[in-house]
Every structure is written in C-alpha cells, then in structure tokens.
Amino acid sequence: MPLLPALSRAIFSSSVHPLPRSFSSMSNFVTPSSSSVKARLRGVVFDMDGTLTVPAIDFPAMYKAVLGEEEYVSIRKQKPSGIDILQQIEDWSPDKQRQAYEIIADYEKQGLDRLEIMPGASELCAFLDSRSIRRGLITRNVKTAVDLFHERFGITFSPALSREFRPYKPDPAPLLHICSTWEVRPSEVMMIGDSLKDDVACGNRAGTFTCLLDETGKYDSPKYEHVEYKPDYKVSCLADIHSLLEANFELAP
C-alpha cells in the first residue's frame, strides 16, 4: 500500500512543549499567543489497551512466558523502549509460533475478563464528538477485544483496526489506512497511545502528531532519552488532552 507523505507541521511556542526533543512535563498547558499559528486537527486515533482501557494485561509476565526469562532479560536490555513480541515470534517455526500465540491469547483473554474503561475516555470522546472530530482506533489486540469494547462501553470508533489488519503497529500502514479512509492528511491527525515503541513510532512514521499517555511517569527515566521515536506531547491522564487540543489546534472537521 503506498504511504502518504509526511507533511510539515506548524511551529509552536516553546511554552507548550511540543516535544520531539525531550520529555518535558505536559501536566500544565499554556495557551499560545494570538499570533501563534494553530495546526488544523481533523481526526484522533487511539490505542486501546492501556489508553482507552485501564491496563489489564501483565505484559512482562506474558513476554517471559513466551520467550523464557533469560531471553526476555536479554532483549529488554537491547530494546529499552519495549519488546515487540509479535515481531519476535514472526520467524519462529509454525509449531513454536502456535504455542506462542496460545500463550498470548490466554493473557489477552484474562485481560478481557477485567476490561475497564480508562478514566476520562468517555468524556474525551464526547468532546471530540461535540467538535465533529473523527475518532479511530488501532490495537495489536484481536478483533474480539475491539468488539467487546464497543459493546460494553457503548463507544465506537471507525475505522477500528485490530491485529488482523497487516502490517500492524508500529508499521505506519494502519494509521495511513485510516487517514486515507477519512480523506485527511496525516498532518491533520493525532495518534494517542501509551507505548513509545508501538503508538508513537507508528504516528511518527506516518507523519501524524503524537501524544504519549504516561500515567506513572515511567518515560521520564533517563533510559528513554535516546530512543528513536519521541512524542510531540506527553500527558499523565486523558483529561489533559482536552486542554491540549483546544490550546494548540484548530479543531475543524
């Protein structure tokens, strides 16, 4: 699938910390001066697990179960931004890969049993709806999980792409597919998620704005200073995004 070009973005006042060079705290936003040029935002694409839903999957335990303790520790040291478990098992033998997917599916099912919407998600979606801003979803979880989310919480996203859509995050293809479906430029879209290696990487590579949800402040650690992909914005809760969008973007469908 041809990739849409990454378009240039407006330059913002340093007071609003549009990262991509450092992980400055984004808990307080300052409205740009009237002379500041606001970029147009026409759509927002969300990650699901850990972003729209409260973290319910024990990913480190799942990775250890799939890889083994020793291999997990070794890969974790090499990749501080996180392990791409689906990529790790991609070249395994069919039997070994099948066993790995069974372990992953079991952990994901446990997560579905504890599925809980993230505080602020409903309010943020309602705000976007009030401004006629498109809402999409990209997850590395399965379609069954997306369907359950839609059914349980009564909030739908379109398009909503699960890992059945190939290639999946962090490849930019699913995000570019949504932009194409919406008939908008990548530079008019924001990707929001809690993962540097999946969500921020996907958004950066597609040419969209990116916002990292970092509830615990773990990405303030020095070990993340030199990772390849960094977000334009970082927030500690979804409630902060409402103010971020109004302060820095022209919200226009």
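## A tour from the sheet to the pocket

Begin by selecting L213 and V235: the bridge partner of L213 in strand β7 is V235. What you have open is a predicted model, in which local features need pLDDT of at least 70 and side-chain atom pairs count only at pLDDT 80 or more, while totals for chains, interfaces and linings use all residues. Residues are numbered from 1 along each chain as its sequence is written, and side-chain values use heavy atoms, with hydrogens and water left out.

**The sheet**

Now colour residues 209-213, which form strand β6 and run parallel to β7, joined to it by three bridges. Strands here are DSSP runs of E with at least two residues, helices are runs of H or I with at least four, and both are numbered from the N terminus. Two strands pair if DSSP finds at least two bridges between them.

**Two helices side by side**

Move to helix α5 (residues 121-130) and helix α9 (residues 239-248), whose axes come within 9 Å and cross at roughly 25°. That makes α5 roughly parallel to α9, a label given to angles under 35 degrees. Show the side chains of L124, F127 and L128 in α5, which meet I241, H242, L245 and E246 in α9. The residues of this contact divide into five nonpolar, one polar and one charged; Ala, Val, Leu, Ile, Met, Phe, Trp, Tyr, Cys and Pro count as nonpolar, Asp, Glu, Lys and Arg as charged, and the others, Gly among them, as polar.

**Loops worth a stop**

In the loop between α5 and β3 (134-138), select S132, a residue other than glycine whose phi has a positive value, near 60°. Then find P159 in the loop between α6 (143-153) and β4, where a cis peptide bond joins S158 and P159 with omega about -5°. In the loop between β4 and α7 (173-182) lies P167, and a cis peptide bond with omega of about -10° joins R166 to P167.

**The largest pocket**

Finish by selecting F59, Y63, D194, S195 and K218, which lie nearest the centre of the largest pocket among the 37 residues that line it. On a 1 Å grid over the protein atoms alone, a cavity is a set of points where a 1.4 Å probe fits but cannot get out, a pocket is an open set with protein on both sides within 12 Å along at least five of seven lines, and lining residues have an atom within 4 Å of a point. The volume of this pocket is about 860 Å³, counted as the space filled by probe spheres set on the points, with grid points joined across faces, edges and corners. Helix α1 gives the most to the lining, with four residues, and by class the lining has 16 nonpolar, seven polar and 14 charged residues.

Conventions. Axes are lines fitted to C-alpha atoms, for helices over the stretch in contact, and angles run from 0 to 180 degrees between N-to-C directions. Angles under 35 degrees count as roughly parallel, over 145 as roughly antiparallel, 65 to 115 as roughly perpendicular and the rest as oblique. Contact means heavy atoms within 4.5 Å.
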